[in-house]
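Good morning, and thank you for making time for this presentation. Please have the sequence and the model open while I speak.

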Amino acid sequence: MKTSGTFLLFILAVMVSARVVRADDQCYVCHSGLGDEPSQKFVVDIHFKKGISCAACHGGDSKSDDMDIAMAKKNGYAGVPKGDAISTKCAECHSSAETMKKYGSSLKTDQWDELQKSVHAKVSFTGKEHIAQCTTCHGSHGIVSVRNPASPVYPSNVTRLCSQCHSSAAFMRAYNPALPVDQMEKYKTSVHGMKHAKGDIKVAECASCHGSHGIRSVNDTRSTIYPANLPMTCAKCHSDAAYLKNYKIPTDQFEKFKLSVHGIALLEKKDLSAPACNDCHGNHGATPPGVQSISKVCGTCHALNAELFSASPHKKAFDEQKLPECETCHSNHDIRHATDELVGTSGSAICIKCHSESKNTKGFAVAKTMRALIDSLQSQQKIAELLITDAEQKGMEVSEAKFKLRDAHQARLQSRTMVHSFNEKQFREIVSTGITVAGFVQGEARNSIDEYYFRRKGLGIATVIITILVISLYLYIRRVETE
Amino acid sequence: MNKFSSRVYQWMDERFHLSDAIDFMKKKYVPVHRHSVWYYFGGVSLFLFIIQVVTGILLLMYYKSGEDQAFESIHFIMSKVQFGWLIRSIHSWAANLFILAAMIHMFSVYFERAYRKPRELTWFTGMLMFFVGLTFGFSGYLLPWNELAYFATKVGTDIAGVIPIIGEPMLYFLRGGEDVTGATLSRFFGLHVAVLPAVFTVLLGVHLLFVQIQGMSTPLHMQHLEEHEIKKMPFFPNFVLRDLLLWLIVLNILAILAVYFPWELGRKADPFMPAPAGIKPEWYFLFMFQTLKYIPGHVLFIDGELFGILMFGLGGLLWTMVPIWDRKSAEGKRNKTVTYFGLLIVIFIITLTIVGWLV
Amino acid sequence: MVEHPARETQKDKRDFLKLILVGSSFAWLASIIYPVISYLKPPKQSEVVVKSVKAGKISDFANDSGTIIKFGSKPVLLIRNANGEFKAFSATCTHLDCTVQYRNDFGLIWCACHNGKYDLNGRNVSGPPPRPLEAFVVTLQGDDILIHKS
């Protein structure tokens, strides 16, 4: 009884207070009497609760109960704002920190500025206004806080909101025909999307990655989804161990990625052809590549390696043991530059994880041979380079041999790819062309160096001869002159 | 061996009277005095010229003129042809040493007043040969078609274009067009291997003939001496053998230079590339190049560059004409003007060459 | 070094100095003649290879084929397409410096190292190459094909 009494009292208090606040708002008094939709919705509106009158947006005199006075143009009545006037109306208060403070709000005040810089600030097809106004997303009359599940921009609603336009091919064609319209469909299949559908509001939705007011095109270097910025965007959640506490997934991917070849290429060298998170995991349909799809994902760029691997004996073995293809040797987020150390039978080699002298012995032998071949090609190439440098420093002309040395370099690069065939014969073929070239270059360089010494020796001999001749001639002249 | 050579000699002598020539040379004497050493520089120049002819002919076997082949063919000579590097380096080095030797020869003749009557014509032919030698150097410098040569030729021919009236057509004629192109290269090649050698050989023949007929000049201060008071040595075999001795030494120096300081080929000329920094002409043009830099834009009311060229023309003319305006020496009197003029020029050339080298 | 034959005596003949003089003269001659003869001996590669511009005659290149031409110290890929038009690109793959080749089965420029592909405008269309190939200008002068740097 006591609780119900308190409850009744509370209801009464709310009603009275609303009455009290609204007592001088003749717009609301009259319109709610008419029972029209805007006034019905406005009851729950956060602005209504803060005591803001209809006149704040629509103009006019809210104190007068005479319609002719209240809605007179001379009293500032503007009716329904249209186009950009809607947003500027909102911005009158929302861009003013002072006004917002007066109403006890801690909201940011840069929304309108940000919106004007966003893709949605482009001119709409009517040619008169921005594509999106504040009301496009936040609605009107029934505007509630973003933390209120009734808000269209509440995390669980935002995907529906965005897709209203972005999933409509007809609508999108008017703005960006090249932009896909299947993001929502893909999103539903992603891990984010599936959890989202179950009501998880912590998972990423559109705004988590794209931002809200200041959404920029993917080609804009300031965009959160610009390739070089994307890893940081994903890391916002995925590196936050506290945030992901309940998901039981690692949070060190970004740290690893930063140090990987791909991370260094993308983040340090600003090479946009290097993959960001989405290139392997997908973006709207973000999902970790499965064991079978890894080689396909890597193979989009490392095509030849993937092709060779698929044809190799490892393919079947990996499938049987459910080993992820590329990842088994190269790891995933922290892929480092593949060194020759990976191949062979030494301690740092990957091969010995499965192959040993007693187990899977054939592979062990092949690994050993391949490593020996790599090493010999490398050392032959090195020797050739040193000899060429030596010859060059001696001022000899070896540009042609140097040109030829490119082929050895090429063979070495090709051999690094050919490793993925795990086929000794194919591998040996490539390596031996390289070794042959390196041998040829060494020969040329040695000839040049020999020639260098030959020139000096030749000069020495000629000098000796000339000296003898000069001395004997001198003596002869002396004798002729004394006669 | 000696029997064979004496038989060959007799065979030749019967037909061509070699002994007459040898007797003539034996009777010829070369005065011996403290300035005798300068007599050798004519011979050294001659020797270097012979080397140029021989190595030049050898280079012709592989050299290909033309914009797209000149540089490559020199590169080919230096890298593919056996001893090609040697032949080319010797040709380049000997060219420079030739100019040097000829210069020393010229200055020594000037200061010894050896040009005085009756040797005016020997002097004139010598001076002509010197100018032809410079043209040899200038035209040969372009033939490898490398960057430095290209721009040096551009600048060099530009200077010729400054001369009023005849400058413009002369520039056009030299370059075989408006700019230094493959056409210029063809022209310079023709000049270098056909025209200049022919002219030079004729001049050289006349010059040597005069020297043989008139013998070596005796310095002024020895003129008053009686014939028997003058110390002298026979031209043959004494002087000739000494000449040979010096030639051998020069040859060895050339070989050492060629091996230890091989002549660089540089980079292929590219007319569309900006001029590389530090373009300098060959050292023997350096003093003129440097002087033209220092002359202000306008001297009196003529263009500075033109003024410089006119001064050089005038100076060269005065120098060449010294047997005509120096009457005193011909009469056996000392002429201080000649010495001062000569010293002035030598100091001027040396100073500006050093400045040009260092700047 | 021919001596005076008239003055020759038995004594002179055995003269040690003369022996050396004549001997070293011959040695000297040999040291001159040897390089000259070697120089005149045709080298293995008998003629200058024109480095840069001239690639050859039009008839040397079949339609739908590619040839590697040495351009200075770098390779250039000269392609004659199926219509008989010529195109030239730097043959150095923009990925890792391998030498690319024309594959008429793909109708593309292909790099053997990592399966990089470029279209016939030199644009990287597949695989790891990050940039297009540098294009060279091909001009026809009569029957000769000239390649220039663009």
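I begin with a hairpin in chain C, formed by β3(C) and β4(C) with five residues between the two strands. In the turn, C:Gly84 has a positive phi of about 85°. Please bear in mind throughout that this is a predicted model.

Strand β3 of chain C covers residues 74-80, and five bridges join β3(C) to β4(C) in an antiparallel arrangement. Within that pairing, C:Leu78 stands opposite C:Ala88 of β4(C). Which other strand is joined to β4(C) by two bridges? That partner is β9 of chain C, residues 135-141, and these two strands also run antiparallel. Here C:Phe89 has C:Ala135 of β9(C) as its bridge partner.

How many of the five residues of β4(C) are buried? Four of them are, so the strand, residues 86-90, is largely enclosed by the rest of the structure. In a regular strand, side chains alternate between the two faces of the sheet.

Now to chain C as a whole. The chain has two helices and 10 strands. Along the sequence, the order is α-α-β-β-β-β-β-β-β-β-β-β. Of its 150 residues, 43% are buried. Among the contacts in chain C with a separation of 6 or more, 37% are made by residues 24 or more positions apart. The accessible surface of the chain is about 8,100 Å², and carbon and sulfur atoms account for 57% of that area.

I turn next to the interfaces, beginning with chain A and chain B. The size of an interface is often given as the accessible area lost when the parts come together. For chain A and chain B, the buried area is about 1,800 Å², with 70% of it from carbon and sulfur atoms. In terms of residues, 18 from chain A are in contact with 21 from chain B. How many salt bridges does the rule find across this interface? There are two. One salt bridge between these chains pairs B:Lys80 with A:Glu400, with 3.0 Å between the closest N and O atoms. On the chain A side, the elements that give two or more residues are α25 (399-418) and α26 (424-482). The largest share of that side, 15 residues, comes from α26(A).

Finally, the salt bridges. Side chains of opposite charge can pair when their charged atoms come close. Over all chains, the rule counts 29 salt bridges.

I will show one pair in each chain. In chain A, A:Lys41 and A:Glu37 form a salt bridge with the closest N and O atoms 3.7 Å apart. Why are these two residues separated by about one helical turn? Because they lie four residues apart in helix α3 of chain A, residues 37-42. A:Lys41 is partly exposed, at 36% relative accessible area, whereas A:Glu37 is exposed, at 54%.

In chain B, B:Lys154 and B:Asp179 meet in a salt bridge of 3.4 Å, N to O. This pair links distant parts of the chain, 25 residues apart: B:Lys154 is in helix α7 (residues 147-160) and B:Asp179 is in the loop between α8 (167-175) and α9 (182-214). Both count as partly exposed, B:Lys154 at 24% relative accessibility and B:Asp179 at 34%.

In chain C, C:Arg103 and C:Asp105 form a salt bridge with the closest N and O atoms 2.9 Å apart. C:Arg103 is partly exposed at 21%, and C:Asp105 is exposed at 53%.

I close with a network of salt bridges in chain A, which links A:Arg216, A:Asp220 and A:Arg222.

Technical notes
Residues numbered from 1 in each chain as written. Chains lettered and ligands numbered in written order. Predicted model: local features only at pLDDT ≥ 70, side-chain atom pairs only at ≥ 80, totals over all residues. Heavy atoms only, no water. Buried < 20%, exposed > 50% of the residue type's maximum accessible area, 1.4 Å probe, protein only. Pairing = 2+ DSSP bridges. Contact = heavy atoms within 4.5 Å. Areas by Shrake-Rupley, 256 points an atom, 1.4 Å probe, with all protein chains shown as cover. Buried area = accessible area lost by both parts, 1.4 Å probe. Salt bridge = Lys/Arg side-chain N within 4 Å of Asp/Glu carboxyl O.
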